[in-house]
Amino acid sequence: MRRLIQTATAAAAAVGLALGPVTVAQAAPISPNEWWFGAWNMTTDVWPQTKGAGVTVAVVDTGVNASLPDMRPAVLPGIDLFHDHMSGNGQQDHDTNEGHGTAMASLIAARGTHSGFYGIAPESKILPIYSPGNSPTDVSKAIHFAADHGAKVMNFSRGESSSVFKQQCPDEVLQALKFAEQKDIVIVASAGNEGDYSNDSIYPASCPGVLAVGAIDRQLKPWEHTQRQNYVTVGAPGADVGAIGKTGHVYNSGAGTSQASALTSGAVALIRAKYPQMKARRVVQLLTNTAKDFGKPGKDDQLGYGVISIPRALKNNVPQTAQNPVYARLDKAVVKKPAGGNQTAPKTKSDSDDSGSSNMPLVIGGLVVVVVLIAVGVFIALRRRSGSGGKPGGPYASGPFPNGPQQMGQPGTPPSFGGRTGGQPLPPQGGGQQFQAPPLGHPNPNMAPPPNGPPQGQPNPYLAPPQE
């Protein structure tokens with residue numbers, strides 16, 4: 001399930017928050033298709049303060065094509081958790097479609113010098129972690145690798161059902177998240193793309209200690225497919241959000257909470273770059289308490305506490321006593337201790353009885369265990385065939401969001417970066433007609449004006465300035 005604001009000017013006033021006179025301006029050739037730049041006043045209010053320098057973002061995904069000119073300066077040697085632990089470095093995108101890992105990394109850190117597509121934290125670094133599956137062991141290994149290699153932010157634009165686990169999180173992953181908190185890493189994950197369908201709870205987004213992100217569209221409304229779950233903490237742009245594919249092609253549109261999560265990870269990198277001594281807990285507290293409420297009044301299950309506002313968060317004026325639900329939940333979470341390998345239960349009288357009648361239940365019980373194990377083996381084998389699309393790694397190995405991607409079509413058509421259960425693609429919007437994106441750099445009159453807002457002196461025609 002690749003669980004991956006109508007005009008940029010409207011978004012600029014609403015999410016960028018019209019923070020008043022800008023003292024430092026910096027021009028950047030940002031395409032109008034990257035409408036979230038206007039939404040957050042990136043070039044006028046954010047980039048003069050921070051571009052993410054000195055912060056490493058771990059991206060757990062399909063790998064990142066580090067050979068692309070816009071990504072080469074950003075991508076560090078990472079790890080391939082499947083192919084070769086000794087030599088694999090995550091710098092190859094193994095996605096058989098458009099390149100999900102490269103796309104997510106580009107939203108965070110693309111330099112823009114070759115393609116014109118910029119990440120929101122273009123001076124940050126990417127630590128690529130290729131993991132074909134979402135098993136608790138894979139997720140745990142990824143978290144430990146990131147923690148041991150200097151990451152301050154970690155992005156999971158992927159997930160797996162957590163409905164069978166207590167606390168909506170596997171114990172192994174919960175232990176890893178406790179470790180990540182000790183290592184001062186912010187963990188960000190996409191909430192899921194099946195809110196109007198199965199709406200299953202998805203880990204790691206559902207886990208305590210994870211900043212779970214829902215998606216918003218250009219109309220400042222929750223994206224129709226974003227998950228409806230109580231673990232959702234914040235929202236971010238996720239519809240009509242393009243990226244750089246693994247071939248270097250720039251897609252002007254796509255949709256999913258994957259993108260929302262990646263952009264939020266970029267926001268975390270920007271904050272941590274400006275405040276390098278700030279703890280992970282404080283960063284999440286800032287983003288949560290400065291979010292703008294565009295969903296149902298108050299906290300809701302689609303956008304949580306609201307859509308993140310990078311300019312507001314950078315002010316760092318939230319009281320230390322403000323709510324911090326992500327870490328409050330982690331602090332309350334109970335981690336089960338691993339069972340001791342040498343521990344045995346004390347013997348009882350019946351345990352030591354060597355009569356034939358007392359051994360018979362053991363024989364029968366043993367037969368039952370064998371039958372159950374065979375049944376489980378058959379189930380796993382069948383799921384490997386049908387659920388993972390032939391990819392290695394078993395029932396969790398269906399890539400970033402285990403439903404598989406929508407087929408791309410020709411360059412210029414929007415990637416989906418997401419899909420429904422069982423690999424069924426989301427239906428095209430607008431009565432079956434897919435949006436045909438204009439070439440990069442050519443404004444589409446049906447989309448949005450340039451991202452830096454309306455001409456100076458003209459009011460925003462879409463939304464009144466928000467009340468501070």
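Asp95 is found in the loop that runs between β2 and α4 (100-109); helices here are DSSP runs of H or I with at least four residues, strands are runs of E with at least two, and both are numbered from the N terminus. The model is a predicted one, in which local features need pLDDT of at least 70, side-chain atom pairs count only at pLDDT 80 or more, and totals for chains, interfaces and linings use all residues. Residues are numbered from 1 along each chain as its sequence is written, and side-chain values use heavy atoms, with hydrogens and water left out.

With a relative accessibility of 2%, Asp95 counts as buried, a term that denotes under 20% relative accessible area, as against over 50% for exposed and the range in between for partly exposed (1.4 Å probe, protein chains only). The side chain of Asp95 reaches the backbone nitrogen of Gly99 at 3.2 Å.

The protein chain as a whole contains 12 helices and 11 strands. Of its 468 residues, 55% are buried. Its accessible surface comes to about 19,700 Å², and carbon and sulfur atoms account for 55% of that area; the Shrake-Rupley method with a 1.4 Å probe supplies the accessible areas, and for residues only the protein chains shown count as cover.

Helix α5 comprises 13 residues (residues 136-148), which at 1.5 Å a residue should span 18 Å, the expected span being 1.5 Å times one less than the number of residues. The end C-alpha atoms of α5 are 18 Å apart, in agreement with that expectation. Buried positions in α5 include Pro136, Val139, Ile143 and Phe145, and the polar residues Asp138 and Ser140 are also buried. The buried residues of this helix pack against β1 (56-61), β2 (79-80), β3 (125-130), β4 (153-156), α6 and β7, where contact means heavy atoms within 4.5 Å. After α5 comes Gly150, with a positive phi near 85°.

The structure also holds 1 disulfide, defined as a pair of cysteine sulfur atoms within 2.5 Å. Cys169 and Cys207 form this link, with an S to S distance of 2.1 Å. The pair connects distant parts of the chain, 38 residues apart: Cys169 lies in the loop between β5 (160-161) and α6 (171-182), and Cys207 in the loop between β7 (202-203) and β8 (210-216). Because the torsion about the S-S bond of Cys169 and Cys207 is about 90°, the disulfide is right-handed. Cys169 is buried, at a relative accessible area of 1%, and Cys207 is likewise buried, at 1%.

Methods:
Polar contact = N/O pair within 3.5 Å; in protein donor to acceptor, adjacent residues only side chain to side chain.
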